[in-house]
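Hi everyone, thanks for making time this morning. I'd like to walk you through one structure, so let me put it up on the screen.

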Amino acid sequence: MSVLPVVKYGNTILRKKVKFINPDMISDLRNLINNMFDTMYEEEGIGLAANQVGFDMNLMVIDVSHLDEYKNIEPMVFINTEILEEKGYIEIEEGCLSIPEIRASVKRAETVVVKFYDEEGNRKTQKFSGMLCRVILHELDHLNGKFFTDYLSPAKRKLVHNKLIEISKNGYPSTGVIL
Ligand SMILES: [Zn+2]
């Protein structure tokens, strides 16, 4: 087991769009994928994007199986994910391993259809809703250099501004915030 350090808000790798992975190289990612799952479980997250552990790659791991209604859903790996369709809108509270102690309600699509490769290199097109849709969209944002706090209204963003500066300096804020 190898837990990797999670990079925090303020690190430039979290503000850039990551690179797609050569599909022929997917079999080489096994170790990194296992380490990403280890890291996500250790940090008690439900999703993790590769750039959150310092890798410039379009790769994310998700496991929502601790939630009752998803207990039969296996942990999932998404490589080179592209959104084909988004529908509906729903507001759900989010947090982020790269922005500790800050939570806020964010409006995102209710369902999403994505195209991706799984960890075996199989091409897939699949529709997701509920918490899976939410986590996929949150992690995909990371791979595109975005944070959930980018969606806050100017007034709310002002409230978290200093906390985000504290996180970029110290890795954590002086106090938590829920918006
Ligand atoms: Zn996040």
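**A helix across a sheet**

Let's start with helix α1, residues 30–42, which lies across β1, β2 (59–62) and β3, running at about 45° to β2. Please keep in mind that this is a predicted model.

Now, which residues of α1 are buried? They are M36, T39 and M40. Looking down the axis of α1, the buried residues fall within an arc of 95°, so they line one face of the helix. Their cover includes β1 and β2. Turn to the other side of α1 and you find R30 and N31 exposed. Just after the helix, E44 has a positive phi of about 60°.

On to the sheet. This one is open, with 5 strands in the order β1-β2-β3-β6-β7 and antiparallel pairing. Strands β1 (47–49) and β7 (123–129) are at the edges; each has a single partner strand, so one side of each is left without a neighbour in the sheet. On average, neighbouring strands here are turned by 40° against each other, direction ignored.

As a quick reminder, strands of a sheet pair through backbone hydrogen bonds, either parallel or antiparallel. For an example, take β3 (residues 76–87) and β6 (residues 111–117), which run antiparallel and are joined by 6 bridges.

Terms used. Residues numbered from 1 in each chain as written. Predicted model: local features only at pLDDT ≥ 70, side-chain atom pairs only at ≥ 80, totals over all residues. Pairing = 2+ DSSP bridges. Helix = DSSP H or I, 4+ residues; strand = E, 2+ residues; numbered from the N terminus. Axes fitted to C-alpha atoms, helices over the stretch in contact; angles between N-to-C directions. Contact = placed C-beta atoms within 7 Å. Buried ≥ 20, exposed ≤ 12 C-beta atoms within 10 Å, placed from the backbone. Arc of directions from axis to C-beta.
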